[in-house]
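This briefing goes through one protein model, topic by topic. Please keep the sequence and the 3D view open while reading.

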Amino acid sequence: MTAEGPTATRQDASPVNSHNEWDPLEEIVVGRLDGATIPASHPVVACNIPPWAARLQGLAAGRKYPRVLMERAQDELEQFVALLLSLGITVRRPDAVEHQKRFSTPDWASRGFCNTCPRDSMLVVGDEIIETPMAWPCRYFETHSYRPILKDYFRRGARWSAAPRPQLTDELFVPDFTVPGHDEPLCYILTEFEPVFDAADFVRAGRDLFVTRSNVTNRMGIEWLRRHLGPGYRIHEVESRCRTPMHIDTTLLPLAPGKVLINPEYIDPDRLPTALASWDVLVAPEPDPIGERLLRYTSLCGKWLSMNVLMLDEQRVVVERHHTGMLRALERWGFEPIPSDLLHYAPFGGSFHCATLDVRRRGSLQSYA
């Protein structure tokens, strides 16, 4: 057995251990902006952003993001990393990647996007990291930039698995899909051709996981994860009224045992899963307006990135400084908000929760239902 080969047995203490969104944070992966490329104008990408942004994206697809966006977002990201390090949290980063490089399968070709959001491509459940089958073709090889980290965790005792790699052929996507109006039934661009899901459509509360079906997560994807995790876990689907659903962490986010934050625009508190029946439901305040138009590019629900917070433990929470309404609400609810800047990260995929993957929290598997 060489130093590069796998260990014969798992170690007693895995470096990966995270069961929920709030146990004391010890180690985290933070995304990287280097090489970020405007994604190709595939329908599954365009359906989740404003029409004006989709037109702009179609003209600029495959090019680097404007320097003015990159520089401001990079500065905020490095300050956020410095904050985490100052609090004694271990920070891991993916490799820098040239995302303009073209790649292909037998059925299609694409350029990349970015590796700013590890929350999307990997799901941590206990001591296991699961690579997810994402629906955006431009993100097909995104986890490769995290492979040095994943291999290190595996050698040290973590479990590492991957969902079946999707084909992403036309059969997966509804032809000529249009976003439903507010008076129309909710529908999705994905068919049930094969399992696909983004990890960011799931949040964890011990033995209970909550998911929203979306334009990147279909029923087959949810069922694949349910079977993969087995009877020790329960997956509950959350009904969302969002017309362009993509990722649960602007819709519903557990903050502490018995406390869940919800988006009043997308969630009916009376229709939450029964597993949350005894929880305190914290209704997010209306987000503070964002003046810069390009910062609303991230998605049609981009204004609710005010909810995209990162819990450091049951009290301390990192919050975007711009969203003073959320800061004050968290204080009223008994939390200790830590203001930080990540507003200009929005065009690259989100805010603090999106930009991170908590791989080790000090705690054990419990049931909170």
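This is a predicted model: local features need pLDDT of at least 70, side-chain atom pairs count only at pLDDT 80 or more; totals for chains, interfaces and linings use all residues.

Which residue in strand 13 is the bridge partner of leucine 261? The partner is leucine 282.

- Three strands form an open sheet in the order 11-12-13, and their pairing is mixed.
- Strand 11 (252-256) and strand 13 (280-283) are the edge strands; each has a single partner strand, so one side of each lacks a neighbour in the sheet.
- From one strand to the next, the twist averages 30 degrees.
- Strand 12 (residues 259-262) and strand 13 run parallel and are joined by four bridges.
- One of these pairings is leucine 261 with leucine 282.

- Strand 8 runs antiparallel to strand 9 (residues 208-211), and four bridges join the two.
- Alanine 205 has aspartate 208, in strand 9, as its bridge partner.
- Within helix 6, glutamate 223 and arginine 227 are four residues apart, which puts about one helical turn between them.
- An α-helix has 3.6 residues a turn, so residues three or four places apart point the same way.
- The side chains of glutamate 223 and arginine 227 form a salt bridge, at 2.9 Å from N to O.
- Glutamate 223 is partly exposed, at 27% relative accessibility, while arginine 227 is exposed, at 65%.

- Helix 2 (residues 51-60) has Ala53, Ala54, Gln57 and Ala60 as its buried residues.
- Viewed down the axis of helix 2, these residues fall within an arc of 135 degrees, so they line one face of the helix.
- The buried residues of helix 2 pack against helix 1 (43-46).
- Pro51, Arg55 and Leu59 are exposed residues on the face of helix 2 turned away from its buried side.
- In helix 7 (residues 324-332), the buried residues are Gly325, Met326, Leu327, Ala329 and Leu330.
- The elements covering the buried residues of helix 7 include strand 11, strand 12, strand 15 (316-320) and strand 16 (336-340).
- Glycine 334 follows helix 7 and has a positive phi, near 95 degrees.

**Cysteines**

- How many disulfides does a search of the whole structure find? The search finds zero.
- The closest cysteine sulfur to that of cysteine 114 belongs to cysteine 117 and is 6.3 Å away, too far for a bond.
- Cysteine 114 is buried, with a relative accessible area of 1%.
- Cysteine 187 is in no disulfide either, and the nearest cysteine sulfur, in cysteine 47, is 9.9 Å away.
- Cysteine 187 is partly exposed, at 32% relative accessibility.

**Salt bridges**

- A search of the whole structure finds 28 salt bridges.
- Aspartate 358 and arginine 119 meet through their side chains in a salt bridge of 2.8 Å, N to O.
- This pair links distant parts of the chain, with aspartate 358 in strand 17 (residues 356-361) and arginine 119 in helix 4 (residues 118-121), 239 residues apart.
- Are aspartate 358 and arginine 119 buried or exposed? Both are buried.
- Aspartate 358 also forms a salt bridge with arginine 361, where the closest N and O atoms are 2.7 Å apart.
- The relative accessible area is 0% for aspartate 358 and 2% for arginine 361, which is also buried.
- Salt bridges with shared partners join Glu26, Glu27, Arg92, Asp152, Arg156, Arg360 and Arg362 into one network.

Notes
Residues are numbered from 1 along each chain as its sequence is written. Side-chain values use heavy atoms; hydrogens and water are left out. Two strands pair if DSSP finds at least two bridges between them. Axes are lines fitted to C-alpha atoms, for helices over the stretch in contact, and angles run from 0 to 180 degrees between N-to-C directions. A disulfide is a pair of cysteine sulfur atoms within 2.5 Å. Buried means under 20% relative accessible area, exposed over 50%, partly exposed in between (1.4 Å probe, protein chains only). The arc is that of the directions from the helix axis to the C-beta atoms. Contact means heavy atoms within 4.5 Å. A salt bridge is a side-chain nitrogen of Lys or Arg within 4 Å of a carboxyl oxygen of Asp or Glu.
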